[in-house]
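Please read it alongside the sequence and the coordinates.

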Amino acid sequence: MKKSPREVIESSRSITRRGLMLTGIQAAVVATLGWRLKSMQLDRADEFRLLSDGNSVKLRLLPPARGLIHDRHGVIIAGNEANYRATITREEAGDPGAVIARLRHLIPMTDTAAAALLADIGRRSAITPVVVADRLTWDQFASIAVNAPALPGVTPESGLSRSYPRGGDFAHVLGYVGPVSDYDLSKIENPDPVLMLPEFQLGKLGVEAKLETDLRGKAGTRRVEVNSAGREMRELERIEGEQGATVQMTLDAALQNFAIQRLGEESAAAVVLDVQTGDILASASAPTFDPNLFVRGISGPDYRALMEHDHRPLADKTVQGVYPPGSTFKMVPLLAGLESGLIDGGTHYYCPGHTTVAGRRFHCWSRAGHGSVGPVASLERSCDVFYYELAQKIGIDRIAAMARRLGIGVRHELPMSAIAEGIAPDRAWKRARHDQEWQVGDSINASIGQGYVLASPLQLAVMTARVATGREVRPRLVRAVDGTPVPVGDFPDLGLSDAHLRIARAGMDAVMNGDRGTAARADHRAGMAHGGQDRDQPGPQHHGSRTGAGRDLERPAAVGAARPRAVRLLCPVRRAALCGVGRGRTRRRRVGGRGPGGARHPAVRPGGRAAAAGRLSPRPARRDRGDACKDAPCARHGRAGVRPGAGLRGRRR
Amino acid sequence: MSYLDYSSDQTPTGWRKILYLNWPLVFLLASVASAGLLMLYSVSGGRAEVWAEPQLERFVVGMAAMFALAFVPIWFWRSISVVAYVACLALLVMVDVIGHNAMGAQRWLDLGPIKLQPSELTKIALVLLLAAYYDWLDLDRVSRPLWVLIPVVLILTPTALVLVQPDLGTSLMLVAGGGIMMFVAGVSLWYFGAVIAAVGGLVFAVLKSRGTDWQLLHDYQFRRIDTFLDPTTDPLGAGYNITQAQIALGSGGWSGRGFMQGTQSRLNFLPEKHTDFIFTTLAEEFGFVGTISLLGLYTLILAFCLYSALTNRDRFASLLTLGIAATFFLYFAVNMGMVMGLLPVVGVPLPMVSYGGTQLMILLMAFGVVQSAHVNRPR
């Protein structure tokens, strides 16, 4: 069927007409598409770009390394260690069960742990890494890395974790860190987002908690690109954080270690203070515990053992524990009496071994009595009756006021947790606390550091330091933060008469160096000292206190200690404080036995500034050297300006 | 016209045919395909072996087929149009019975070494058949009701077979493609007006019936229609894809994020990024410059086809060229409209760019037929 030319032309016309109409429609559609492209890609590009970035760009925090803590000589006492761990991601693992079975050839894992882990993996989303093993050794970590091809989805990771290389030595002072809990967050007004990181560690106690803001540092950030499943694909930008500030403590790691070692498992505490600066050189509370256990997450049984231990290892007895200071308190009423003008250096009381007040008989520790006793002898021989009489004469309020002046019954601000105030009782206190009138018997008890009087070892050390210097020494724990030294306070004068202080110092000195001093048999008479202990309290709660200050010019230190069992352990601590650790001989104590009258008096030690007032004690140094530094000549003592041969020791009891 | 009408002295013969090929069209097609290969390389994250290489192989085979078909005399295509149509119907029936099931729809026929998607083939066969039909039909009978009814049946038969697969997108493409053939052939505009009015009225009635006593559809069907028309009402389900696609498209801006730098595609936010939504990757990585260029390439292809058709005095060849160009147009217009949020999401690939062997090869073969019409046009 051949088409005619007319038909062909007509067909062409028709097609051209319709084809152009179609083209018009198509052009309109293409124009619409182009317009739409323009409106989306040019006009609204920013809006979509924002959405796109919101999709794929996430900000992640980089936890900062925690600041280091040094002792006064730069020894690291709290550092960071690499924590090796392995995580598993279900999506990549495929069959987590098989992978974990293989992993168990490399690292030990119990059946129950493996089952719990599998359940955990099943619960989490497929792309969330789950920690398979924490705290791996380097060898385990390396073996996982080497076997990575056989362990799909398992990623070895390393992070930083707090570590306390000195173990329990600084557990109470430094405290420890732990994972951030909801409770922690609830206490913080505006929590730093870095706290939300699962592996982040927060200071829980002690210096770690109190200096948290300094130690934490500043978090860095990473901008990462994530895919639609939320997995990180690459890092776009990384801003490193800043490590927390390095904190230098006033503590001396060696001395601290020595003190902790000597106190051992006893329930005891000791504080060594530089009387000049107030620097706390050692603050030992025993028994101690390993703070690293807490960092890692302590196990139930371990925690129970610590909680139920009758020596209360978790308490920091140096500042939290308050105990009757016993005879160590006697300088307080003595100075109160002297300052009041009601007695003077020549006042003597007769001690028949007891005194009777309001029909009640109060005994001296020496039933036989001390005879006529003056201020210096009252300390040397720790005569109780002298203070019974004194207290009746001057009244409790003067004693309490003096106690507070010397640092007992007031809170010393330190970056430590739960610092106790102690009690310097007076009439107002008893009314408020017990709703009772003050009785004269209360004064009598308080005069020898018993009854209501309570002081922490730190307060005893502060008291001793103040007596030794006559200035309002305040304790200091932090020496420098981030290289910036914390200024030593310019301690104001206490306003006590120098003559009166000298009497008190002489009495303390005589305790150890006097012929009849209650500590005259201590193997280490390094200077003036005074000690005391209360009686008749058996058992682990039996308290006893020692305090004292050395009189060495160059090595000022005051020691406060509590708890009797510690008392005999303190001799070496004193020696160490004076002569430097390791110089003092660790010979067997000779003392240890009961002192006269059954008082096991002690040992206190002390240091130097008191000695500065070397006039107080004509006797000295020789013994110091002889005892403490005989074997290893103590350079400090050698230079101390002590007069050799200044006196032979008299009779020793 | 029968093959007897073609005189050998009017048409080029042998190797001379190469000179008469529509070379601009060849280059345009190669350009679009290259863009496609580039995007496939990008969305695979630089691993050519995943998508780009297989696609390249098919492109080479498809180009070879295009040249081979270009040398075939035009009368051959008219002669086999009925056979091709019937064969396609048979394949569609086969696919419904024994077809390969993918994504909940039976679209594939597994023929040993190759997997065939008969619905794609059908689009071309339908164009061939309708072109042959209107070439055969007297011009003055084109708009008579009986002669209008016949092509309607010819269109709706394969449409019904595709619809039961189910494949709504291809069904609509068949209807639209067939409709355009009838339009170009000169069927009276009144028919088109009537059909559009009828469909519009029906849709209006259905939507209007919602919530009334005489509601024509179930509630869940209405909800499906809602989601279909406006995916943003279901942001985590059907809407997720289209939202992400629009973000990718819009975030490209003027010049895009750079080759292989598109976060939406590389990080898997984009669905179907190597097939139906590949345009969004192009938009994200090459921005407005890239998208408008691709749109320009497509428009040029249409323009060259139109020019070829209008200058061809052979009615069959003209209709055929316009029909294939219109099919091509429907592909990219629907795909782009879909990813830009102008049209509901129906699974239509971006021609020559999306990954998919059947689609690419069949399009190239169809352009081979267009080339054949161009080469063999009466002079």
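Helices (H or I, at least four residues) and strands (E, at least two) are DSSP runs, numbered from the N terminus.

This is a predicted model, in which local features need pLDDT of at least 70 and side-chain atom pairs count only at pLDDT 80 or more, while totals for chains, interfaces and linings use all residues. Residues are numbered from 1 along each chain as its sequence is written, and chains are lettered from A and ligands numbered from 1 in the order in which they are written.

**Around the end of α18(A)**
- Just after α18(A), A:D435 takes a positive phi of about 55 degrees, and this is a residue other than glycine.
- A:D435 lies in the loop between α18 and α19 (440-447) of chain A, and with 7 C-beta neighbours inside 10 Å it counts as exposed.

**Other local features of chain A**
- A:A358 also has a positive phi, of about 50 degrees, although it is not a glycine; its place is the loop between β14 (354-357) and β15 (360-363) of chain A.
- A:A358 is exposed, because 9 other C-beta atoms lie within 10 Å.
- The peptide bond from A:A286 to A:P287 is cis, with omega near -5 degrees, and A:P287 belongs to the loop between β12 (280-286) and α12 (291-296) of chain A.
- A:G178, in strand β6 (residues 177-179) of chain A, is buried, because 20 other C-beta atoms lie within 10 Å.
- Leaving aside residues up to four places away in sequence, A:G178 touches A:Q201, A:L202, A:K204, A:F294 and A:V295, where two residues are in contact if their C-beta atoms, placed from the backbone, lie within 7 Å.
- A:G178 and A:R162 are separated by 16 residues in sequence and by 8.8 Å in space, C-alpha to C-alpha.

- Chain A has 26 helices and 21 strands, and buried residues make up 49% of its 653 residues.
- Of the contacts in chain A with a separation of 6 or more, 75% are between residues 24 or more positions apart.
- Chain B has 14 helices and three strands, and 48% of its 379 residues are buried.
- Among contacts in chain B between residues at least 6 apart in sequence, 70% join residues at least 24 apart.

**Helices and a loop in chain B**
- Helix α4 (residues 74-98) of chain B has 25 residues and reaches 34 Å from its first C-alpha to its last, close to the 36 Å expected at 1.5 Å a residue, the expected span being 1.5 Å times one less than the number of residues.
- α4(B) bends by about 45 degrees at B:I80, the bend at a residue being the angle between axes fitted to the seven residues ending there and the seven starting there.
- The buried residues of α4(B) include B:W77, B:R78, B:Y85 and B:C88.
- Helix α5 (residues 118-136) of chain B packs against helix α6 (residues 145-163) of chain B at an angle of about 175 degrees, with their axes 11 Å apart; axes are lines fitted to C-alpha atoms, for helices over the stretch in contact, and angles run from 0 to 180 degrees between N-to-C directions.
- That angle makes α5(B) roughly antiparallel to α6(B), a term for angles over 145 degrees, with those under 35 counting as roughly parallel, 65 to 115 as roughly perpendicular and the rest as oblique.
- Among the residues that make this contact are B:L126, B:L129 and B:L130 of α5(B) and B:L154, B:I155 and B:V162 of α6(B).
- By class, the contact of α5(B) with α6(B) has nine nonpolar, two polar and no charged residues; Ala, Val, Leu, Ile, Met, Phe, Trp, Tyr, Cys and Pro count as nonpolar, Asp, Glu, Lys and Arg as charged, and the others, Gly among them, as polar.
- B:G258, in the loop between α10 and α11 of chain B, is exposed, with 11 other C-beta atoms within 10 Å.

**The contact between the chains**
- The contact takes 44 residues from chain B and 40 residues from chain A.
- Helices α7 (168-185), α10 (238-251), α11 (263-266), α12 (278-310) and α13 (315-339) of chain B each supply at least two residues of the side that touches chain A, and the largest share of that side, eleven residues, comes from α12(B).
- By class, the side of chain B that touches chain A has 27 nonpolar, 14 polar and three charged residues.

Conventions:
A residue is buried if 20 or more other C-beta atoms lie within 10 Å of its own, exposed if 12 or fewer, and partly exposed in between; C-beta atoms are placed from the backbone.
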